[in-house]
Amino acid sequence: MMHKAGFVNIIGNPNVGKSTLMNAFVGERLSIITSKAQTTRHRILGIVNGEDFQIVFSDTPGIIKPAYEMQEAMMVFVKSAFEDADVLVYMVEIGEQALKDEAFFKKIEHSEIPVLLLLNKIDTSNQEQLEQQISYWKEKLPNAEIYPISALNNFHVPEVFGRIVELLPESPPFYPKDQLTDKPERFFVNEIIREKILLNYKKEIPYSVEIETEEFFEDEKIIRIRAVIMVERDTQKGIIIGHKGEALKRVGIQARADLEKFFDKQIHLETYVKVNKDWRSNSRQLKRFGYDR
């Protein structure tokens, strides 16, 4: 039987629903989802296997104009998604006009690989607006196939998935058929804790935070985890901990609940906060946290 396999890379502006779509395709919660921009910092692979196909989906950071070194590294992840894609999924939302970086848009415009433009969040629009948007994008990107979808409600997502399978090149699988992602377990611990910080703190705090899992010991019935929350300033450390440690305790309780669902095991989670001055602009620290440029 002929086997198909390929890399399907999802790109777009921040907060258009890329992570929601990735999780819908994979059937697992691999990418964290919040209403805040720059939730996704890394390129995360989610692997979907069928008897005669393997799709390696790639969720990427939202495209921005970088303001500091970490954001520059994030955009390198996006650039790499252009380089190895067999199918490019360009995701926009109703009312959106273009990417925040014109150079990336030009790459889509002149792409020689199949481009699927997914017009997301159509449940927030009406028929007239939807038709206007489809006409706009047909003119803007004549090389793209356009699909109106709602990633959150799984509307037209199965049709897009079917079309992706059709577009895959003939190839043996790139990964073992039982593999779900390319990331280690500690990565998902870090991401789940970071998600809770995004949800519980405001302003600059979530963007100044990085998580590092220092210990991960798995027994038959329990996983014991020790994670450090890195911040850039002493004042941020105080805010993360909160009055009598209540804020940090709340993050720990919420993260533990999600970790137990993710690993399907009892979790013992210890978190503490450490100042790592200006880590977002420090090349050595960024490399340590996986932002290889």
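Q: Is I164 buried or exposed?
A: Keep in mind that this is a predicted model. I164 sits in helix 5, which covers residues 157-167. The cut-off for burial is under 20% relative accessible area. I164 has 0% relative accessibility, so it counts as buried.

Q: Which residues touch I164, leaving aside its neighbours within four places in sequence?
A: A contact here takes heavy atoms within 4.5 Å. For I164 in helix 5, that gives a list of six names once the neighbours within four places are left out: V8, F25, I55, F57, V89 and L116.

Q: What distance separates the C-alpha atoms of I164 and V87?
A: Along the chain, I164 and V87 are 77 residues apart.

Q: Which residue in strand 3 stands opposite V48?
A: Strand 2 takes in residues 44-50, and strand 3 takes in residues 53-59. The two run antiparallel, joined by seven bridges, and a hairpin of two residues connects them. Across from V48 stands I55.

Q: How many of the seven residues of strand 2 are buried?
A: Strand 2 is mostly covered. Going by the cut-off of under 20% relative accessible area, the buried count in strand 2 is six.

Q: Is S58 buried or exposed, and which residues does it contact beyond its neighbours within four places in sequence?
A: S58 belongs to strand 3. Its relative accessibility is 0%, so S58 counts as buried. Setting aside neighbours within four places in sequence, its contacts are V8, N9, I10, M22, R43, I44 and L45.

Q: What is the radius of gyration of the protein, and why does it agree with a compact globule?
A: The C-alpha trace spans about 55 × 40 × 35 Å along its principal axes. With 293 residues, a compact globule would come out near 19 Å, so the protein's value agrees: 20 Å.

Q: What share of the contacts with a separation of 6 or more is between residues 24 or more positions apart?
A: The protein has nine helices and nine strands, and buried residues make up 53% of its 293 residues. Among contacts with a separation of 6 or more, the share from residues 24 or more positions apart is 73%.

Q: How far apart are the mean positions of the positive and negative charges?
A: The protein carries 40 positive and 45 negative charges.

Key:
Residues are numbered from 1 along each chain as its sequence is written. This is a predicted model: local features need pLDDT of at least 70, side-chain atom pairs count only at pLDDT 80 or more; totals for chains, interfaces and linings use all residues. Side-chain values use heavy atoms; hydrogens and water are left out. Helices (H or I, at least four residues) and strands (E, at least two) are DSSP runs, numbered from the N terminus. The radius of gyration is taken over C-alpha atoms; the globule rule is 2.2 Å times the number of residues to the power 0.38. Buried means under 20% relative accessible area, exposed over 50%, partly exposed in between (1.4 Å probe, protein chains only). Lys and Arg count as positive and Asp and Glu as negative; His and the chain ends are not counted. The place of a charge is taken as NZ of Lys, CZ of Arg, CG of Asp or CD of Glu. Two strands pair if DSSP finds at least two bridges between them.
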